[in-house]
Amino acid sequence: MTALLGVGLVTFVLVIVLLILKHFFWTGRLKNVKNKHIVVTGGSSGIGKHVAITAAKHGANVTIIARNVHKLEVARKEILNARANKDEQMVEHLSLDIGANYENVDKALADLEKTMGPIYMLINCAGFAIPGKIEDLAVNSFHEMINVNLVGTYYCIKAVVQRMKAAGEGAIVITASQAAFLGIYGLAAYTSTKFALRGLAESLAMELRPYNISVTLSLPPDTDTPGYATEQLTKPLETHLISQTAGLVDPEVVAEKLFKDARAGKFFSTVGQEGFIMMTLCAGMSPFTSISELLLQASLMGLMRLVSAFYLVSFQRIILNCMKTRDKNKKLE
C-alpha cells in the first residue's frame, strides 16, 4: 500500500510539472495577423506602444490611439520602422479621448475602418494609476481613472463588437493589472477600476465566444513605463515597499506575452512567477482555455492559497512597521 501511495504521489507530481511546463512553454496554434487591422489604445507609450510595434513586426496594419498628438507621431515613426513589409503595411494614429463621449468613440472607430479596414483585434492598453490612500486621494482623480481605465475600455469595445460579430472573427484584449487579483495598500481607487475590468472581460468572454471572438485579460505586474515613473512621485511608502517584493518588468516582455496569448486565444495573460501564482489562485469562475489549464488550476489552487498567506503576512508587517515608524517620529518631534 505504501509503495502504491508513493508511486501515485510521484505520478501526480510529474503530471503537475508537465502541466506547468506546458503552461509556460507551449501556446498551441497562433492566429495569423498578417495584413489584418489591429487597434491599440494607449498606443503612444508604455505597453501599448510596444504591443503596436510587436503587431507591426508580425505583418499587421496598426492604428494607435491616445490623446497627445506629439507622442502619437513619435510612436508612429517607431512602428513604421518595425514593419515586416514596409511596402504594404499601414500605420495610422488617432488622437481621441476614449472616456469622454461614446458617440465620438463610435464615429471615430467606424471612420477609421473605412480607411484602414475592419478591426480584427482591439487591444485596450489605455490606463493609468494615481496612488494615494482613500482619505488622501481627490475625488476628481478617482473619476479620471474610472473614465480612462474602465469607461474608455468599455466604449471602445462597444463600438467595435457588433462589426466583429458580423465578420465572425476577432480578438479583444483588456489590459488590467495584477491589481485586478489583489487589493493593494494605497491603490484603492486604482484597484477598483482594475477589478471592474476583470468582470468586464469575463462577461464579454461568455457573450462573444459563440461568434468566434476571443477575449484576453492581460494582468501585468509593475512595468517600467512612463506611467509607472509618474506613479512613484505620489506613492505612499507602504505601496513602494510592497511593490518592491515583485520587482519591475520590461514593457517589451509584457507586450510580447500579451500579443502571443491573444493570438493563442487565452483568457489570462500573465508574466512571471507572481502572475502565475495569482492567476492560479484567483481563477475561480473565470473562463479556461484548455483542459490542461483547468487541471493545473484545480490541482494547485489550494497550495497557492497557503503561498498567498505568506505574501499577505509580509505585506501586513510592512504596513505595521511603517505605522510604528511614523508614530515614533511624531513623538520625537
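This is a predicted model: local features need pLDDT of at least 70, side-chain atom pairs count only at pLDDT 80 or more; totals for chains, interfaces and linings use all residues.
**The nonpolar cores**

The largest nonpolar core in the model has 45 residues, and those with the most contacts inside it are L109, L122, I174, L217 and F268.

What does I174 touch, once residues up to four places away in sequence are not counted? The residues in contact with I174 are N124, T153, I157, L197, L200, A201, L204, T216, L217 and S218. Apart from this core there is a second, separate one, which has 32 residues and includes V40, I53, A66 and A171.

| Helix pair | Angle between axes | Distance between axes | Crossing |
|---|---|---|---|
| α2 and α3 | about 25° | 8 Å | right-handed |
| α10 and α11 | about 115° | 7 Å | left-handed |
| α8 and α11 | about 150° | 10 Å | right-handed |

In the pair formed by α2 (residues 46-57) and α3 (residues 69-82), the axes meet at an angle of about 25°. Because angles under 35 degrees count as roughly parallel, α2 is described as roughly parallel to α3. On the α2 side the contact is made by K49, A52, I53, A56 and K57, while α3 brings A75, E78, I79 and A82 to the contact. Sorted by class, the contact of α2 with α3 has 6 nonpolar and 3 charged residues, and no polar ones.

The pair of α10 and α11 packs at an angle of about 115°, with the two axes 7 Å apart. Here Q273, E274, F276, I277, T280 and L281 in α10 meet L296, Q297, L300, M301, M304, R305, V307, S308 and Y311 in α11. The residues of this contact divide into 9 nonpolar, 4 polar and 2 charged. The buried residues of α10 are G275, F276, I277, M278, M279 and T280, and just after α10 there is a glycine, G284, that takes a positive phi of about 50°.

Helix α11 also packs against α8, at an angle of about 150° and with the axes 10 Å apart. The contact is made by L237, E238, L241 and I242 of α8 together with F315, I318, I319, C322 and R326 of α11. By class, the contact of α8 with α11 has 7 nonpolar and 2 charged residues, but no polar ones.

**Two asparagines with positive phi**

Most residues other than glycine have a negative phi. N35, although it is not a glycine, has a positive phi of about 65°, and N212, likewise not a glycine, has a positive phi of about 65°. N35 is found in the loop between α1 (2-25) and β1 (37-41), whereas N212 lies in the loop between α6 and β6.

Not counting residues up to four places away in sequence, K235 touches P131, D222, Y228, H240 and S243. The C-alpha atom of K235 is separated by 31 Å from that of V39, a residue 196 places away along the chain.

F195 lies in helix α6 and, at 41% relative accessibility, counts as partly exposed. Leaving aside its neighbours within four places in sequence, F195 is in contact with A179, A180, F181, L182 and G183. The C-alpha atoms of F195 and E274 are separated by 17 Å, and these two residues are 79 residues apart along the chain.

Terms used
Residues are numbered from 1 along each chain as its sequence is written. Side-chain values use heavy atoms; hydrogens and water are left out. A nonpolar core is a set of buried Ala, Val, Leu, Ile, Met, Phe, Trp, Tyr and Cys residues joined through side-chain atoms within 4.5 Å. Buried means under 20% relative accessible area, exposed over 50%, partly exposed in between (1.4 Å probe, protein chains only). Contact means heavy atoms within 4.5 Å. Axes are lines fitted to C-alpha atoms, for helices over the stretch in contact, and angles run from 0 to 180 degrees between N-to-C directions. Helices (H or I, at least four residues) and strands (E, at least two) are DSSP runs, numbered from the N terminus. Angles under 35 degrees count as roughly parallel, over 145 as roughly antiparallel, 65 to 115 as roughly perpendicular and the rest as oblique. A crossing is left-handed if the near helix is turned anticlockwise from the far one by less than a right angle, and right-handed if clockwise. Ala, Val, Leu, Ile, Met, Phe, Trp, Tyr, Cys and Pro count as nonpolar, Asp, Glu, Lys and Arg as charged, and the others, Gly among them, as polar.
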